[in-house]
Amino acid sequence: MKKINYEEAVKQLETIVTRMENGELSIDSMAEELKKAQELIKLCKDKLRHTDAEIKKLLETE
């Protein structure tokens, strides 16, 4: 997966969820989309953890 920012990852996740809810995915493509969604969720969690750690570090130095 190419480098994307948090906002783009969330947009892609929303698109996947909408397509699943609307029944737009075949069984084969659903498996691929779920795999992609897992990667996007991990990316978002990692970015949030990193940002949280940076904020805590900044607040500790004040």
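1. How far apart are D46 and R49 in helix α2, counted in helical turns? About one turn separates them, because D46 and R49 are three residues apart in that helix. Their side chains meet in a salt bridge, 3.2 Å from N to O. D46 is partly exposed, at a relative accessible area of 31%. R49 counts as exposed, at 53%. Note that this is a predicted model.

2. The geometry behind such pairs is simple. An α-helix has 3.6 residues a turn, so residues three or four places apart point the same way.

3. K35 and E32 form another pair in helix α2. They are three residues apart, which puts about one helical turn between them. Their salt bridge has an N to O distance of 3.8 Å. That value passes because the cut-off is 4 Å. K35 is partly exposed, with 45% relative accessible area. E32 is also partly exposed, at 48%.

4. D52 and K56 are four residues apart in α2, again about one helical turn. Their side chains meet in a salt bridge at 3.3 Å, N to O. D52 has a relative accessible area of 38% and is partly exposed. K56 is partly exposed too, at 47%.

5. The salt-bridge count comes to six. R19, E24 and E33 are linked in a network of salt bridges. E33 lies in helix α2. It counts as buried because its relative accessibility is 16%, and the limit for buried is under 20%. Beyond its neighbours within four places in sequence, E33 is in contact with I16, R19 and L25.

6. Helix α2 covers residues 27-61, 35 residues in all. At 1.5 Å a residue it should span 51 Å, and its end C-alpha atoms are 51 Å apart, so the two agree. Its buried residues are E33, A37, L40, L43 and C44. What covers them includes α1, residues 6-21.

7. The largest nonpolar core has eight residues: I4, A9, L13, I16, A37, L40, L43 and C44. Helices α1 and α2 are the elements that give two or more residues to this core. α2 gives the most, with four. L13 touches A37, L40, I41 and C44, leaving out residues up to four places away in sequence.

8. An unreviewed UniProt entry annotates residues 20-54 as "coiled-coil region". In the model this span is 86% helix and 0% strand. Its end C-alpha atoms lie 35 Å apart.

Key:
Residues numbered from 1 in each chain as written. Predicted model: local features only at pLDDT ≥ 70, side-chain atom pairs only at ≥ 80, totals over all residues. Heavy atoms only, no water. Expected span 1.5 Å × (residues − 1). Buried < 20%, exposed > 50% of the residue type's maximum accessible area, 1.4 Å probe, protein only. Contact = heavy atoms within 4.5 Å. UniProt positions renumbered as here; feature names shortened; annotations may be inferred. Core = buried A, V, L, I, M, F, W, Y, C linked by side-chain atoms within 4.5 Å.
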